[in-house]
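Try each task before reading its solution.

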Amino acid sequence: MSLNFISVPPAKGQTPVGLVVCLHGFTGNSQQLAPFAPMFALPEYQFLFPDAPYSNPYGGRMWYNLRNQDDQGLTASRQQLTDWLKSLESSTGVPLSRTVLAGFSQGGAMTLEVGLTLPLAGLMCMSGYLHSKPRQMSGKSFPPVLIVHGRQDKMVPLSSAQSAREVLKAAGVSVEYREFDMGHIVIPAVFGVMRNFVMDIVQASGVRH
């Protein structure tokens, strides 16, 4: 089963040089995130904003039920997101090697959960957390990761981001880590950091921009 999503094409309608896929958090949805696409200042990229597969009883959508101890839906959601990401090249013409996966809060957790298993260009986790230590892929390196978190975050504590940074670095992941004076939100300055991260990936890979 595919995911419903909103697509924001490159500003001038040209063939995208890359994809940025953005995952919303618990109680969020694609319609909340899509208006933020211009703030990335990446006019040559196509942006995709998928809806999580489950309706949230508190409103919006969810990747899995945070209120249940067994993380209801996580396994199914992980497989569905993985399959959908793998299908994007056929519909967009952009390979995973030029696709950046980003997520906020629960979407950030899903970004790390799924993104570390795929040959993506990079991962961006905002106000998120790590479910478990990543499993090394035989003969393949992990995508580079950007972690951004607020020092005043009362929903997902700063210690979650710091722990994720240490676990990922110990596993051999290249991690860029940034803290901001903010709560469980993304302030405008974060978009600049994310844009620079994407541009650094492009430069490092030698992809023509």
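Two exercises follow, each with a worked solution.

This is a predicted model, where local features need pLDDT of at least 70, side-chain atom pairs count only at pLDDT 80 or more, and totals for chains, interfaces and linings use all residues. Residues are numbered from 1 along each chain as its sequence is written, and side-chain values use heavy atoms, with hydrogens and water left out.

**Exercise 1.** Work out how the rings of Phe 36 and Phe 191 pair, and what the pair ties together.

*Solution.* Start with the rule: rings of Phe, Tyr and Trp (its six-membered ring) pair if their centres lie within 6.5 Å, and planes under 30 degrees apart are stacked, over 60 edge-to-face, the rest tilted. Here the centres are 6.0 Å apart with 15° between the planes, so Phe 36 and Phe 191 are stacked.

**Exercise 2.** Find which residues lie closest to the centre of the largest pocket.

*Solution.* First, the size: the volume is about 580 Å³. Then the lining: of 28 residues, His 24, Gly 25, Leu 33, Phe 104 and Ser 105 are closest to the centre. Last, the source: strand E6 (99-104) gives the largest share, 3 residues.

A pocket here is an open set of points on a 1 Å grid over the protein atoms alone, where a 1.4 Å probe fits, with protein on both sides within 12 Å along at least five of seven lines; lining residues have an atom within 4 Å of a point. Volume is the space filled by probe spheres set on the points, which are joined across faces, edges and corners.

Methods: Helix = DSSP H or I, 4+ residues; strand = E, 2+ residues; numbered from the N terminus.
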